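Hi,

Here is the structure I promised to pass on.

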Amino acid sequence: MSQPRESLHGQWSSKLAFIMAASGAAVGLGNIWKFPYIAGKNGGGAFVLVYLVCVLLLGIPIMMGEILIGRRGRRNPAQSMALLSEESGHSKKWQWLGTLAILSGFLILSYYSVIAGWAIDYVFHAAKGAFLAKNAAQIDSLFSQMIANPWTLLTYHTLVMLATTVVVAKGVESGLEKAVYVMFPTMLLLILILVGYAIDTGYFAHGLKFLFHPNFSVLTPKAVLMALGHAFFTLSIATGTMMIYGAYVPRHISIVSVSLYIAIVDTLIALLAGLAIFPLVFAHGLEPAAGPGLIFKTLPLAFGAMHFGRVFATLFFLMLVFAAFTSAISLLEPSVAWLMETYHVKRARAAWVCGIAVWLVGLGTVFSFNTAKNWTVFGKTFFTGLDYVTANIFLPLSGLAIAIFCGWLMKKEFLLAELGCDDGLMFACWRITLKIIAPVAVGAVFLYSLGILG
Ligand code: PHE
């Protein structure tokens, strides 16, 4: 290829805009809802250490690869993989792996939107003071009542999908970029305020110790693999998100440096979320290993008993909504770009078609908590099944594909040109990681999740 391709859908206006958009995509329910509870369930420190190693050794190199494919291809993930594969003398069929990534993002969004809806419901509960002076059973029933009511879940799921579609319909600069410019710094500020509060509880040292003091005797092989899987999910790797966001990155921006920034921001926010949450958990004698209900069931109890609890609770759930929203738009964009390019549809129409389609699939998750909770296949409801298939099968498979694609298929000269670096030691380390280390490690997660190693 003689001329570099141009992006079809506009570009980020600056390096900062891209870093914020991609960090907004990375930071989400995974950091604030999932990371604390899986760290809590797996004993804290040692798990956190493994997760950090996974982000550093596998997450960052694969993210670089994904952004690189996007920027060089400048098309939707399927088309970019087809173009780059042809360019390096291989089959166009690799585009199916791009399609799988797009499909994963689409399916993840269908349930992500429902869970983001829980956070909206909790903003209202918090603002009304519903957590004040409540005991554990009452807080528990608040959560059960919410998920048992299909209308509540449907209303918020609709609201999240409407807002997501409206923003994506506006396009890269006036939609995605503007939304994250407002939401991302607000979210950061809110989380810092909450960490400030956590310091004030007098239990901050307990939180620090729990997160950073590794006790390897509680670390199981399963926890190691969970940490690896979470590193993927939290960095938004393998769903087409980083590829499509990469497609809008101007040429002069260094892929290496932005990938580092994104990973650092994402990791810091996960750790800050842990530091905001665990001191509260310990200060109120709650259980760190409470599981997925950790923030929805136990934190309201802590908020209900603290000074200015109503304000802090409202801020906390608002922050969760913002974090989830900037991820939701990034999950819709790959499908929208694919539809625009494949069927020559205008952005607004493509956004509404995809938004409505995701909303429809999301109904399965809405009803899987109530009306259809007994409809199971292999013991899984619609929601748990979808979560299982996307997180444990689609993501590892797409991640593996990206590593192999960059490591083995793409010609070295193209990789070097896109990274803008020399053929030195750092490049060799990156390539070996993608060629050997990542496929072996990610393959292990995949086999494990299929139960072969489990
Ligand atoms: N990284 C997001 C989170 O941690 C989830 C996500 C996955 C967003 C994949 C986009 C793509 O919540």
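Predicted model: local features only at pLDDT ≥ 70, side-chain atom pairs only at ≥ 80, totals over all residues.

Which residue has a backbone N or O atom 2.8 Å from a nitrogen atom of the ligand? That would be F233. Taken alone, the ligand exposes 330 Å², and the protein buries 100% of that (accessible areas are from the Shrake-Rupley method with a 1.4 Å probe, and for residues only the protein chains shown count as cover).

Residues are numbered from 1 along each chain as its sequence is written, and side-chain values use heavy atoms, with hydrogens and water left out.

Back to the ligand. The shell holds 15 residues, with A26, G30, Y112, F233 and S236 the closest (near means a heavy atom within 4 Å). By class that is 6 nonpolar, 9 polar and no charged residues; Ala, Val, Leu, Ile, Met, Phe, Trp, Tyr, Cys and Pro count as nonpolar, Asp, Glu, Lys and Arg as charged, and the others, Gly among them, as polar. Helices α1 (15-26), α2 (29-41), α10 (221-234) and α14 (309-343) each supply at least two shell residues (helices are DSSP runs of H or I, at least four residues, numbered from the N terminus).

A238, in the loop between α10 and α11 (241-247), has a positive phi near 75° although the residue is not a glycine. A238 is buried, at 0% relative accessibility (buried is under 20% relative accessible area, exposed over 50%, partly exposed in between, with a 1.4 Å probe and protein chains only). H344 also has a positive phi, near 50°, and sits in the loop between α14 and α15 (347-368). H344 is exposed, with a relative accessible area of 71%.

Lastly, α17 (residues 412-419) has F414, L415, L416, E418 and L419 buried. G420 is exposed at 63%, and its C-alpha is 9.6 Å from that of I253, 167 residues away in sequence.

Cheers

How values were computed: Polar contact = N/O pair within 3.5 Å; in protein donor to acceptor, adjacent residues only side chain to side chain.
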